[in-house]
Structures are given as structure tokens and as C-alpha cells.
Amino acid sequence: MKNVWTVAKREFNMYFASPIAYVSAFLVLLPLGIYFYGNLAVSSQFGGTPQPTQTVGLFVVLMLFFIPVLTMRLLAEEQRTGTIELLLTAPVREWELVAGKWLAAFGFVALLIFFTGTYPLILNNYTTPSIDVGAALVAYAGLLIMGAAMLSVGVFFSTLFANQIAAYFATMAVLLALWLMQTPLQNATGPVANFLSYLIFPDHYYNNFINGVVDLGDLVYFLSVIVLFLFLAARSVESRRWR
Amino acid sequence: MIQVEHLTKRYGERTAVRDLTFHANKGEIVGFLGPNGAGKTTTMRVLTGYMPPSEGKVVVAGYDTLTESLEVRRRVGYLPENVPLYPEMTVVQYLDFMAELRQIPDRENRVDEVMETVNIAERAESFISNLSKGLRQRVGLGQALLHKPEVLILDEPMDGLDPQQQLEVKQLLREIGKDHTIMLSTHILAHAQELCERVIILNAGQIVAEDAPERLSLQIAGGGRIHLIVDGDGTGLHETLQALPGITHVNSIVDGRFELETAPGKDVRPEIARAVVTGGWNLLELQREKLSLEEIFIQLTAELAPDEAAANGGKAEGGAA
């Protein structure tokens, strides 16, 4: 268990030792800042109150692109350079390695989300009555757990490849597919369609979390995704022994 | 310390090592010798618990590598081939990270200690990406020593080092070898000859010879060549020598000088001396030419030459050996 923390700590620091941390923060914070400012300006000109969660929607879209950036190197690079051999000949279990890597990426996403949390705070200064803090908190907490689920998909694909670019596109493809199958499933019926509809991940965010509602079903969905993909990732790392 | 019984490792269709049985005792330095692709790295990966054996039983430091892999890993230090390290970390960061993974108490002091041992302390704050091959090798070695392992497994520890560094590493290994069991692989025979108490020669996934380096030359390669010089022209000695048991070939070089090839496993010098003297010749010189490990190696690996050429060709494409 302690190993999870050791691995996570190193990996988190590595984000800042490479340009990845800064580039992805830039990719996220710059458009969000522009978007937030734009909304604020429009509202002040034409009246009306911007929603505290207005930037959240854009953040979710951006996640589709930067989550794979954060996860692509995690295990792919270890496999490419062979450093994984030293990790796995130390007394470290496969799941500890995978969980540590995921935790590091989660830490970084949490940091980004924390920064974007300044937007509702700023908004609070300009609006009367003040914003619904509870609802905003739920929306942000939802972002955290959805981000965590997306990261676990990325960690899994990073175990499959020794090539970061391959890991990036595989992750993004799956995330996009889980998003876009919304459209073809809209009018479909039957048990298969129902099951597939359940897998559409934006639904589990946009139906409740963003409105400040915590739904147990959504929580179960995201937690299941995390557990499933981390489990698969650990199995995948382990399978190298049998190949 | 290391007990390997009937180890076979297959990658899909390809058999990398076949039916290896060997052991290493406590405090022994054992060398793995073989051409590239002979199965040295595979065997070492199995010993460290990185890969499970396909067949057979491997016990390291008293634990089965298959069922008690974690216990094995706690007691084994490993230096993989090519020393994979994190280039974006400094030496001290890296060693500290590995020490933390191995849950070493009083980490800071131990890391300092190890850096002294492998002589890298003055580069502690350098990024690994900026280190030369030799220095990286030392960091890798330091990493393997952190937890004071009972067994050290070193894959090509001398690879890519200049002669001065090789000397240093050899000294270091001799020092460490006093109270650790060391298993190292190399394809440079001189290193094995100098360092190892016992050498296992591997070819095409199988053990072809195993013994102390000096005895290998006697036993495997037929005791080598013997030079004999007698006073005079030695007329008739050629036939006498040829009749001796254990002598496979006699060469008369010039008058009174002979070169004898002997059969494996036996020192026939006493018989030769007796035959010469009782035959009435005057013995001037009798000298055994020791085959170097190099020659043995070439002999052993060449014996398999016809089908081995095919095996090596197939190996590149991962075909069956």
C-alpha cells in the first residue's frame, strides 16, 4: 500500500520535471480563462447572471484531449525504456504500480480543477444574491470523479503500448466513442441499446452533477469504471510475465 | 542460495532456455557465459522473479520465484542489461526513490552509504541523463545494493565500460562477493575468468559446460595441448607416444619436438614422462598449454555449428530454436 504512495509521489513530480504539466495546464487554463472572461463581460453588458458552472462544460470537453496527455506516458514510457523491469523486480505488486500511476495523474487533474475553482469565487464577488456554493461544489466534485474515471481508461491503454502516441490516441478514441455514441443511441430501444446508453459517460455528469445533484447511480458508474480499468491495467502489466 | 532445477522458458513457440539445472552457493561468484542470444538474460529474468519459468523450479534465497516472488524480490538485487534508469531524475532522487520502494529504514544514510560504495557521491545532484555510460552503470549497481541483498544478479555489468572502469567494477564486485552471492553474465571471457569461481557456459539455451574456469580448460577441451622436447632427434618416439592411452594426436614439429593433443578429462603428463624415460630418451621439456576460456568457448559453441547457424538465424525472427 505504501508503494502506491511512493510511485504516485515520483510520478507527480515527474509531471513538473517535464513540459507536460505546463503544457497541459496551459491548454486547459487559457481557453477557460478566455471563456470565463467573455461570459462575464457579456453578462455585465446585457444583464443576466452567468451560471457558476458555465466553465465546467468547456472543462469537460477539454478533458477529452488532455486526460490522454497525462496518462499516455505513465506505463508506455516505462515499457519503452525498460525501467519497468527494475520496478517489478523490486517488491512492488502490479496493482500498486498501476494505482500509484493513476493517483499521480489524479493529483494533477485535481490541481487543475482546484485552479478553475477560482472562477465561481470571482463570480461570487460580482453577483447578488451570491452563487449557490453547494451546487458549484457538487459540480466540481463531479468533475473530479469523472476525471478520475477517464484517467483510469488512459492508464489502461498506457499499459498496452510501449509507444506514447499510440496510448494517447487509443485513450482519446475510447473516450470520444463513449461520448459520441449518444447520438446514434438516441432513438434506439431494446436491452443492448439500454445497456450502451448506460455507458455514455457525459450523461452521468450532465444529468445530475452539473445541476448540483448527487445521484448514487452516477457515482456507482464512475467508481465501476475506475475499478474496472485499473483492474484491467494491473492484469495487463501482469500479462507481460506470460507473454 | 540459488537452486535451479530443469528450468525451461518458452516465449510462445520459441524456447529461450531448455532444461537448465545449476546452483550457486552463498558467497560464490558464478558467471554466465555465452554468445548473444544464448538465454543469459532470460535466465536472469527468471531468477529475479520478473518472469515465471515455463517449466521447472527456481529457488532463490530460500524462496520459490513463482509462488513467493515478493520474498525473492526483497532479497535480490538486480542490474538489468543496458541499465534502464529515469533520465529526468538526479542520482540521489533516483536512489532515494528505489530505497523508498524497498522500504529501507533510515533511507537517507543508506543512500549516502551506497553512493560512497559505488563511488558516485560527487555526482549525486547530476541528472541521470547527463551521466556517462560508466557512471550510469554505477548508479544501477548502487540501486541493486541498496537493500543489502543476499543475492546479486548482474546482467552484463561490464558492458560499455572503459578498461579503467571495468577494473573498478571488478574490484567492487570482488569486495561485494565476499558476503553476497553474485551471478553475473558476460560474453567477455576474460571477465569471467578473472572474477568467477565458477562458470556456466550457455549456448542456444542449454548448458554446455560448467566448472571452475581453470578446470574447464582441462576437462572440456581435453587438457589442451602438450609440448614435449627430448634430447636428440627422438627417432621412434612418435610411435611410442601415439600408443599411449589418452593421446589423440601427435605432431612432430622438428627433430625432438612434439605437439600432443590429449583426450578430455585426464592429465596424461605422468604417463608421457614415464614412456619417454623408460624408452631411453632424455626428457628436456614437458609443458601443458592451457586453453584459454576463449578457445574453449569457441570450441564448445562451434560443436553445435551446423544446426546452430540455423537456430541463430531463426532467433532473429523469433522462430523456433
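In which order do the elements of chain A run from the N terminus on? They run α-α-α-α-α-α-α-α-α-α-α-α, and the views below start from there. Everything shown belongs to a predicted model, in which local features need pLDDT of at least 70, side-chain atom pairs count only at pLDDT 80 or more, and totals for chains, interfaces and linings use all residues. Residues are numbered from 1 along each chain as its sequence is written, while chains are lettered from A and ligands numbered from 1 in the order in which they are written.

**View 1. Chain A has 12 helices and 0 strands.** Helices here are DSSP runs of H or I with at least four residues, strands are runs of E with at least two, and both are numbered from the N terminus. The C-alpha trace of chain A spans about 65 × 50 × 30 Å along its principal axes. Its radius of gyration, taken over C-alpha atoms, is 19 Å.

View 2. Two residues are in contact if their C-beta atoms, placed from the backbone, lie within 7 Å.

**View 3. In chain B, strand 1 (residues 2-11) and strand 2 (residues 14-24) pair in the antiparallel sense.** Pairing requires at least two bridges found by DSSP, and these strands have 7 bridges. Look for B:K9, whose bridge partner in strand 2 of chain B is B:V17. The hairpin has 2 residues between the strands, and B:G12 takes a positive phi near 60° there.

**View 4. B:L154 sits in strand 7 (residues 151-155) of chain B.** This residue counts as buried because it has 26 C-beta neighbours inside 10 Å; buried means 20 or more other C-beta atoms within 10 Å of its own, again with C-beta atoms placed from the backbone. Leaving aside neighbours within four places in sequence, B:L154 is in contact with B:L79, B:I182 and B:L184. B:L154 and B:I182 are 28 residues apart in sequence, and 7.5 Å apart in space, C-alpha to C-alpha.

Conventions:
A residue is buried if 20 or more other C-beta atoms lie within 10 Å of its own, exposed if 12 or fewer, and partly exposed in between; C-beta atoms are placed from the backbone. The radius of gyration is taken over C-alpha atoms; the globule rule is 2.2 Å times the number of residues to the power 0.38.
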